[in-house]
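Please open the structure in a viewer and keep the selection tool at hand.

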Amino acid sequence: MGFLSSAFGLSLFAALAAILIPWGNHFIKIGGPFLTPNPTVLAEGHGPIYIEDTVHCEDVHHYRPANLLFAACEDFKSTRFDWFPPLGHLTPRPEARGSIHVVDPKTMKSSRLEFENFEGPFVTHGIDVIEDPKQADAVYIFAVNHLPNPDHWLAEDADDIPKARSQIELFHHVLESKTVQHVRSIWHPLIKTPNDVYADSPNSVYITNDHFYREGHMRLIEDLWPSAKWTTIIHVQLTDLKAKDSAGLDASVAHSGLWNNNGLGHGRTEDEIVISSAMGGELYVSTRHPNNTISIKSTIPFDTVTDNPSFFADPYRTNADDASGYVVAGVTQGLYLPKTAKDPDATDPSQVWYARPKGDGWEKKLLFEDDGSRIRSASAAVLVPIEPEKGQKKAWLFVTGFLSEKMIAVKVGL
Ligand SMILES: *[C@@H]1O[C@H](CO)[C@@H](O)[C@H](O)[C@H]1NC(C)=O
């Protein structure tokens, strides 16, 4: 008598199948083991334009008041493959010192902002850029900085001490100037595995922790198991911009219970916040409340990993034709990342999607796809509008990746 012939065995089998089949389907979709990349063919004059000096910029933001893009980049081609805690790369490279870049979408040139008063390592990841409420021609820039934890690396018996001590840096930049000033560092025990930031004022910022576990088997389970809804979004209120590290701030949990929450983006209104679940392949259009908590309003599902979301506000919108929508980039064969992420010459295919409300749901459009030869491991994308051509709405789509040697710009129809 076989085990499965018993009623118990059958129901156990059915229960397992009910769990494993949707799980398998999800992983075939999001992990992309059988996907054949289908690189977008670009028309004459549609790019790609390669932006020089944009090495490993994980995030990019379009600051509309000045029509400038901001990115935080690693700047060196080798360091990220040893030290980048979000990929589980935990061999410190103390010389890693990235920078904030400004990319002008009119000239397609990137320039590094020089630090005025900031020394030491800068291992970049997510950023946010907001207007200085007291100075219209200046911005505040929040940026994740993945620092090695001296308590681990200087200790003798350090197994239980985390290897990374990631924090957030707050900078101030006067537009058109060549420099950026460090305002303060932000650290709190609730900030563990920061990925992206969303600021609503110079004193108030939301931060995603993309994992509960920093390394090891449990982290792998967390990546693979959809019920591992263990990540948090932390709110930090800065009570003193002149204080340092963990002083002059209050931190609290703004949201918890999502699987692998990752990117954060601004949305249609002041209080809208868009959250991505990277492995879940979903965007959550959400509201942040005056009490600094977040609630989810609706979900936009995609067929790929979803990294940093952005919102495109169509400046040519009319009641009849509004191209405003959410843009999100992500790798399409994430299943291979554990291997490719160690290889400076690997390619990671990706897609960039765009979604706008339609009826009760969402109309989704693939804006750009690549096999990894033009853009590797796309993790953020923004649309910069251009004047409609013969009534057709078009935009420059800027795409950047956490392991891409160059940001690219391609012209797309909307
Ligand atoms: C925060 O405010 C929202 C909206 O008013 C409310 O639904 C929620 O319960 C509040 N949460 C806490 C912890 O007070």
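The model on display is predicted. Begin by selecting residues 7-31, which form helix α1, and locate His 26 within that helix. Is His 26 buried or exposed? Its relative accessible area is 16%, and because residues under 20% count as buried, His 26 is classed as buried. Next, display the residues around His 26: beyond those up to four places away in sequence, His 26 touches Gly 31, Trp 259, Met 279 and Gly 280.

The second stop is the largest nonpolar core, which has 19 residues. Select Val 327, Val 352, Leu 367, Leu 383, Leu 397, Val 399 and Leu 414, the residues that touch the most other members of this core. Then colour the elements that each supply two or more residues to this core: β22 (325-331), β23 (350-358), β24 (361-370), β25 (378-389), β26 (392-401) and β27 (407-413).

Centre the view on Leu 397. Which residues does Leu 397 contact, leaving aside neighbours within four places in sequence? Among them are Val 327, Val 352, Leu 367, Phe 368, Leu 383, Ile 408 and Val 412.

Finally, select the ligand. His 289, Asn 291 and Thr 293 surround the ligand. At Asn 291, a polar side-chain atom lies 2.4 Å from an oxygen atom of the ligand. The ligand taken alone exposes 360 Å², of which the protein buries 29%.

Notes:
Residues are numbered from 1 along each chain as its sequence is written. This is a predicted model: local features need pLDDT of at least 70, side-chain atom pairs count only at pLDDT 80 or more; totals for chains, interfaces and linings use all residues. Side-chain values use heavy atoms; hydrogens and water are left out. Helices (H or I, at least four residues) and strands (E, at least two) are DSSP runs, numbered from the N terminus. Buried means under 20% relative accessible area, exposed over 50%, partly exposed in between (1.4 Å probe, protein chains only). Contact means heavy atoms within 4.5 Å. A nonpolar core is a set of buried Ala, Val, Leu, Ile, Met, Phe, Trp, Tyr and Cys residues joined through side-chain atoms within 4.5 Å. A residue is near a molecule or strand if one of its heavy atoms lies within 4 Å of it. A polar contact is a pair of N or O atoms within 3.5 Å; within protein, one must be able to donate a hydrogen and the other to accept it, and residues adjacent in sequence count only if both atoms are side-chain atoms. Accessible areas come from the Shrake-Rupley method with a 1.4 Å probe; for residues, only the protein chains shown count as cover.
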